[in-house]
Structure formats: structure tokens, C-alpha cells
Amino acid sequence: QVRLVESGGGLVQTGGSLRLSCAASGRAFSGWEMGWFRQAPGKEREFVVGINWRGEPTHYRDSVKGRFTVSGDNVKNMVYLQMNSLKPEDTAVYYCAARSEGNPEYYYWGQGTQVTVSS
């Protein structure tokens with residue numbers, strides 16, 4: 001049973017930083033891709049960034065380029081999202097997700113962690 005657990009969300013002022021973590025368990029993730037998504041109130045869930053099992057970011061959402069950095073630790077089965085220069089529009093529930101590399105759909109999801117950026 002694959003399990004993804006996010007942590008690290010919270011309340012921060014505009015311009016602040018947060019580091020989200022995603023702990024993955026339940027199988028070996030070699031050959032898998034992890035992704036960070038977010039969903040703001042009243043909006044659809046949107047892709048933020050992905051990272052493959054080699055630790056290479058796939059691509060970043062334009063609005064977070066230069067501010068967010070994804071990284072991973074294959075030994076610990078952890079994925080991180082360092083978020084700097086946060087803006088109120090970054091406020092959302094952030095989700096970690098997983099898919100086998102090459103699969104078009106992410107099909108394992110965490111429960112999400114709330115990030116709130118005050119102006």
C-alpha cells in the first residue's frame with residue numbers, strides 16, 4: 001500500500017519561506033515520478049512541479065519558477081519543496097503525488113498540507 005504524507009505547511013507572511021516534505025512508503029520508487037500540486041479555494045488543482053527518481057526536476061509551473069525548488073532523497077524516500085519569496089496567491093493546499101515514470105496520470109496522492117501566505 002503506497003502512502004504519501006505531506007508536512008511543513010503553515011502560515012507565513014508575504015516574502016517568507018516554507019519547506020514542504022513528502023514521505024513516501026509502501027514500495028520501491030525507482031522508476032517513479034513524484035509531483036507537487038496545489039489547490040486554492042474555489043479553484044481547480046494545479047500542477048506545481050515534478051521530479052523523477054533520478055532527482056531531476058521535470059518542469060516547474062511558470063508562476064513558481066525562480067522561487068520554488070524541488071528535491072528528493074531516494075534513500076529516505078522523501079521529496080521536498082522549498083518555497084521562497086512566497087506570495088498570497090501561493091495560498092493553497094499542497095499535495096504530493098506519485099506515478100510510474102511515463103504514466104500520464106498521477107494515481108497516488110497524499111492528504112495535503114495547508115500553506116497560507118498573508119499579505
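Within strand β9, Tyr95 is the bridge partner of Phe37. This is a predicted model, in which local features need pLDDT of at least 70 and side-chain atom pairs count only at pLDDT 80 or more, while totals for chains, interfaces and linings use all residues. Residues are numbered from 1 along each chain as its sequence is written, and side-chain values use heavy atoms, with hydrogens and water left out.

Helices (H or I, at least four residues) and strands (E, at least two) are DSSP runs, numbered from the N terminus. Two strands pair if DSSP finds at least two bridges between them. Strands β4 and β9 run antiparallel and are joined by eight bridges. On β5 (residues 46-52), another antiparallel partner, six bridges connect to β4, and there Phe37 has Phe47 as its bridge partner. The hairpin of β4 and β5 has six residues between the strands, and Gly42 takes a positive phi near 75° in it.

## How enclosed is β4?

Here, buried means under 20% relative accessible area, exposed over 50%, and partly exposed in between (1.4 Å probe, protein chains only). Seven of the eight residues of β4 are buried, so the strand is largely enclosed by the rest of the structure.

## Aromatic pairs

A pair of aromatic rings is described by the distance of the centres and the angle of the planes. Rings of Phe, Tyr and Trp (its six-membered ring) pair if their centres lie within 6.5 Å; planes under 30 degrees apart count as stacked, over 60 as edge-to-face and the rest as tilted.

The structure holds eight aromatic pairs. One of them is stacked: Trp32 and Tyr108, at 5.7 Å centre to centre with 25° between the planes. Trp32 lies in β4 (residues 32-39) and Tyr108 in β10 (residues 108-109), so this pair ties together parts that are 76 residues apart in sequence. Trp32 counts as buried at 6% relative accessibility, whereas Tyr108, at 28%, counts as partly exposed.

Let's return to Phe37. Its ring and that of Tyr106 have centres 5.1 Å apart and planes at 80°, so the pair is edge-to-face. Phe37 belongs to β4 and Tyr106 to the loop between β9 (92-100) and β10, 69 residues apart. Both Phe37 and Tyr106 are buried. Elsewhere, ring pairs link Phe29, Trp32, Tyr107 and Tyr108 into a cluster.

## Charges over rings

A charge sits over a ring if NZ of Lys or CZ of Arg is within 6 Å of the ring centre and within 35 degrees of the ring normal. Arg19 lies over the face of Tyr80, at 3.9 Å from the ring centre. Tyr95 has Arg45 over its face, at 5.8 Å from the ring centre.
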